[in-house]
Amino acid sequence: PPPPPPPGPNDRLRVLLVTRGGTRRLRNARALADGLEATGLVSWVEVRSHAADADEPRAVRLERLAFEEQVLLAHAADVLVCVHGAALTSALFMREGAVAIDVLPSNFVEYAWHHLAVAAGVHYLFVPHASHDADDHARRCAPHAPACATGAPYAAGRMECLGVRNCDVAADVGAVELVLRQADVLVRQRMRGLDRAHAPAVAPWLRGSLADGRMEPLLGPPKS
């Protein structure tokens, strides 16, 4: 099927949440999806039932889809949210001005996917140290590589630290929500021509759901 048309300036963000099997599984995918939805900024890219995550049907397992289907899903999304890994190659197929959010494992930083996203005209944002339960992380991951579970996060990029960086991730939902709001700003700026050097001076703004269920507009008071 053809990709959907670009969203209007006040439409909700079309978010594609990608989970993994094997290593670096997202342990709280349902809580993360609930948290993002609660911002009032999100609509979900439609996921075919056979490709949905068994624990969270709003998320997709890309390995269950043909390559063409993966491309169409990525192109339909304004924002890609996924745990650090190969799913970030989907940024290549997103629209210019879209946003990829990289949820990093605890005590790990790697910018390998930043260059790919930027080359495709996609904004790259990341959420560092995603496993907010440090004691749980140490208990599950330190036995694999004790010297890599603490200290400078860059050290966990070494090959001998694979046991740490491949641990499952419990995303800090609040942190991902904050980064999603940054993504919303970037996407709306692109839609309204407010990005880059020719942007006019505008007052700072935030968007979200109003008490009556309507969305706050990009600029000015909500329409009645």
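**View 1. Strands β4 and β5 pair in the parallel sense over five bridges.** This is a predicted model, in which local features need pLDDT of at least 70 and side-chain atom pairs count only at pLDDT 80 or more, while totals for chains, interfaces and linings use all residues. Residues are numbered from 1 along each chain as its sequence is written, and side-chain values use heavy atoms, with hydrogens and water left out. Strands (E, at least two residues) and helices (H or I, at least four) are DSSP runs, numbered from the N terminus. Two strands pair if DSSP finds at least two bridges between them. Within this pairing, Val79 stands opposite Val99 in β5. β5 is also joined to β6 by five bridges, and these two strands run parallel. Here Ala100 has Tyr124 of β6 as its bridge partner. Between β5 and β6 the chain passes through helix α3 (residues 112-119), a β-α-β crossover that is right-handed. Right-handed means that, with the strands pointing away from the viewer, the path from the first strand over the helix to the second runs clockwise.

**View 2. Both faces of strand β5 are covered.** Val99, Ile101 and Val103 on one side, and Ala100 and Asp102 on the other, are all buried. Buried means under 20% relative accessible area, exposed means over 50%, and partly exposed lies in between (1.4 Å probe, protein chains only). β5 is largely enclosed by the rest of the structure, because five of its five residues are buried. In the protein, 46% of the 224 residues count as buried.

**View 3. The largest nonpolar core has 27 residues.** A nonpolar core is a set of buried Ala, Val, Leu, Ile, Met, Phe, Trp, Tyr and Cys residues joined through side-chain atoms within 4.5 Å. The residues with the most contacts inside this core are Leu26, Leu32, Val79, Val81, Ile101, Val176 and Leu180. At least two core residues come from each of β1 (13-18), α1 (29-38), β4 (79-83), β5 (99-103), β6 (123-127) and α6 (173-192). Helix α6 gives the largest share, six residues. Apart from this core lies another, of 25 residues, including Ala51, Ala91, Ala98 and Trp113. In soluble globular proteins, nonpolar side chains tend to be buried together.

**View 4. Val81 and its contacts.** Contact means heavy atoms within 4.5 Å. Not counting residues up to four places away in sequence, Val81 touches Val15, Leu16, Leu17, Val18, Leu32, Leu36, Ile101, Val103 and Val176.

**View 5. Val42 lies in strand β2.** Val42 counts as buried because its relative accessibility is 7%. Leaving aside neighbours within four places in sequence, Val42 is in contact with Arg12, Leu13, Val15, Leu36, Glu37 and Leu180. Val42 and Asp184 are 142 residues apart along the chain, and their C-alpha atoms are separated by 9.5 Å. For the protein, residues 24 or more positions apart account for 64% of the contacts with a separation of 6 or more.

**View 6. Arg24 lies in the loop between β1 and α1.** Arg24 counts as buried, because its relative accessibility is 11%. The side chain of Arg24 reaches the backbone oxygen of His84 at 2.4 Å. Not counting residues up to four places away in sequence, Arg24 touches several residues, among them Val83, Gly85, Pro105, Arg165 and Asp168. Although Arg24 is not a glycine, it has a positive phi of about 55°.

**View 7. Glu56 lies in the loop between β2 (42-44) and β3 (59-60).** Glu56 is buried because its relative accessible area is 1%. Its side chain makes a polar contact with the side chain of Arg58 (2.7 Å). A polar contact is a pair of N or O atoms within 3.5 Å; within protein, one must be able to donate a hydrogen and the other to accept it, and residues adjacent in sequence count only if both atoms are side-chain atoms. Glu56 is also in contact with Ala29, Arg30 and Ala33, leaving aside its neighbours within four places in sequence.

**View 8. Confidence in the model, with a mean pLDDT of 77.** pLDDT is the predictor's confidence in each residue, from 0 to 100. In the protein, 65% of the residues reach 70 or more. Residues 197-206 have a pLDDT below 50, and this stretch has 11 contacts in the model beyond near neighbours in sequence. Where pLDDT is low, the predicted coordinates should not be read in detail.
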